[in-house]
Amino acid sequence: MKDLLKAELYKLSKSRTLFYLMLLLFVTNTLGIITSKLLKNHVLQGQDGIFQAGTSVNAMWFGAFAGFFIASEFQNGGIRNALALGKNRAGVFMAKIFSMTICITALLFVIVLVQTIGNSIVNGYGDMPVGEFVVFFLKTFIHIIMFHLPYAGFFTMFAFLTQKSGFTILLSFCYEAILLVCGGFFENYKGQNLKPLLQFFPQYYYTKIDNNLTNHQFFVDGYLVCLLYFFVPVIISIFLFRKMDIK
Amino acid sequence: MKVMNNKAVLETFQISKQYGNNKALHDVNLRIEEGQIYGLIGLNGSGKSTFMRIVCGIISASEGHIELYGKSGNSDLQKYRSRLGQTIETPALYPEMTADENVMVQMTLAGISEKNKIKEVLRRVGLADTGNKKAKNFSLGMKQRLALAIALITDPRFLILDEPTNGLDPVGIIETRDIIKNLAQEYGLTILLSSHLLDELSQIATHYGILHQGKLIIQISAEELLKATNQYIKIICDNANASAEILNTAFSVKCEVNSQTELRINEQLDRIADFNKALILSGQKVEHLSFNQMKLEDYFLKITQSN
């Protein structure tokens, strides 16, 4: 397992995929801050930048990574080489989950960093003491990563099931679209109050974190839901991958 | 070449593979011993790659089991697969990485830390000077050789090469053949390789297996193949009947007279020089004397058509 993880880190360091995605997020988030300032439509202080990580558009980039970095290994023979070395299939899958988690962490970090620094420059930092903010930033960032873990589970599963970059990206898009449609429906349904159902969706937790910082139950529920959304696809994928023929 | 001690590196027992209604392999029983260069021959779709994939653990057999170095348990197979090098079908490469980086990935996966080995394996396949050139810019021959270098990084004792000369130009074919020969001779590797270029294969292989429609129809050594491919001596002279009588008297050899001027001899093939001398001393005019053999392609067609 150690060798598989080391190989993943080496490939990540040499791959342009993660670098380009980070660059893209840097540029789009910077432009977003500038546009907001010019249009004067939403003034955000630097210390609130940490809450800007959870948007559906960002999930698309996670899907792109799953397609171009993970599913592509079925096409270029990387998975074949690992398996022919006698590597355990569950280990190979977990190594890819590791890469996916690194990617999600790196991309979220770029977003919150750009949002924090960018908004601090444009709109001012805020009133929280810097030392206190650093601790708050790190704690909140860990929560945000945990709430994004379902993406790692599902998108890696899509890559392993389809073994194709394009299909992985398409399925990732569909996954996000379904969550958005369901979320929107439960949020805006006029009849019976369906809002409590939103708590069964991971995106509820990373989008509502700023309003629930002191709500302990919110984090307990969030961790449970997100870990469930993470482990279910992981278990399904490992079960299927163990029986799967590699092209 | 290292001395063969008849220890089985790979043995398969009734291996079958079913894809839906299509049976890609039927009860394949194959044995490869240490030091052998085993040529797996078959048409497209005959099951060569499927068989190699099963051996490498990339796909699973529907029935039967395999033994690597006499062991068949899952953990044993995993252990022995770590000593196996393979290139199956298209070269497995990261196109955006250089040759060094591609080898480094496999080296890291295998838990090898001696970085000087990268240069060594690249030198062995003639890719020591590719510098920062990315694999996507390599020619097909270079990609095949890089895949071979990747396969060699783990110091395998057993190498599985699926169509290693596929798509190569004549120079590439000769280079690849020389590398494989060298690996077998210098490093004593056991090699299982498939190829469409049967005469090319016949210059390397010590043993052959012919797969046809998923069935292993024959396993044969190079020596046995030589006998089976109908070797004969062809003589063209002014009087075939007289020559046949001379040779029969002198060597008790049976000659097959094909025409007034042509005869064939199917036995005592190592005495070709003696036959020539006897005919000349008897006053026969020998216009042509040659050692002939059915090509491996012809033998393959004969065997597969009869099956």
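In helix 9 of chain B, the residues B:Ala240, B:Ser243, B:Ala244, B:Ile246 and B:Leu247 are buried, where buried denotes 20 or more other C-beta atoms within 10 Å of the residue's own, exposed 12 or fewer, and partly exposed anything in between, with C-beta atoms placed from the backbone. Viewed down the axis of helix 9 of chain B, its buried residues fall within an arc of 160°, so they line one face of the helix; the arc is that of the directions from the helix axis to the C-beta atoms. An α-helix has 3.6 residues a turn, so residues three or four places apart point the same way.

The model is a predicted one, in which local features need pLDDT of at least 70 and side-chain atom pairs count only at pLDDT 80 or more, while totals for chains, interfaces and linings use all residues. Residues are numbered from 1 along each chain as its sequence is written, and chains are lettered from A and ligands numbered from 1 in the order in which they are written.

The face of helix 9 of chain B that is turned away from its buried side carries the exposed residues B:Asn241 and B:Thr249. The cover over the buried residues of helix 9 includes strand 11 (232-237), strand 12 (255-257), strand 13 (262-265) and helix 10 (272-281) of chain B. Helices (H or I, at least four residues) and strands (E, at least two) are DSSP runs, numbered from the N terminus.

| Helix | Residues | Length | First to last C-alpha | Expected span |
|---|---|---|---|---|
| Helix 9, chain B | 240-251 | 12 residues | 16 Å | 16 Å |
| Helix 2, chain A | 16-39 | 24 residues | 34 Å | 34 Å |

**Residues with positive phi**

Most residues other than glycine have a negative phi, and most peptide bonds are trans. Helix 9 of chain B is followed by B:Ser252, whose phi is positive, near 55°, and just after helix 2 of chain A the residue A:Lys40 takes a positive phi of about 55°. B:Tyr69, with a positive phi near 50°, lies in the loop between strand 5 (63-68) and helix 2 (74-81) of chain B, and B:Tyr69 counts as partly exposed because 18 C-beta neighbours lie inside 10 Å. B:Asp155 has a positive phi near 55° and is found in the loop between helix 5 (140-152) and strand 7 (158-162) of chain B; with 13 other C-beta atoms within 10 Å, B:Asp155 is partly exposed.

**Nonpolar cores**

In soluble globular proteins, nonpolar side chains tend to be buried together. A nonpolar core is here a set of buried Ala, Val, Leu, Ile, Met, Phe, Trp, Tyr and Cys residues joined through C-beta atoms within 7 Å. The largest such core has 128 residues, of which A:Phe62, A:Leu107, B:Val103, B:Ala149 and B:Ile191 touch the most other members. Helix 5 (residues 89-123) of chain A gives the most to this core, with 13 residues. Not counting residues up to four places away in sequence, B:Ala149 touches B:Val103, B:Val121, B:Leu122, B:Val125 and B:Leu127.

**The contact and the two chains**

The contact takes 22 residues from chain A and 29 residues from chain B, two residues being in contact if their C-beta atoms, placed from the backbone, lie within 7 Å. On the side of chain A that touches chain B, the elements giving two or more residues are helix 1 (2-14) and helix 4 (78-84) of chain A, and helix 1 gives the most, with 7 residues.

Chain A comes to 9 helices and 0 strands, whereas chain B has 11 helices and 14 strands. Along its principal axes the C-alpha trace of chain A spans about 55 × 45 × 30 Å, and the C-alpha atoms of chain B fill a box of roughly 70 × 45 × 35 Å. Buried residues make up 40% of the 247 residues of chain A and 40% of the 307 residues in chain B.

Definitions and conventions:
The expected span of a helix is 1.5 Å times one less than its number of residues.
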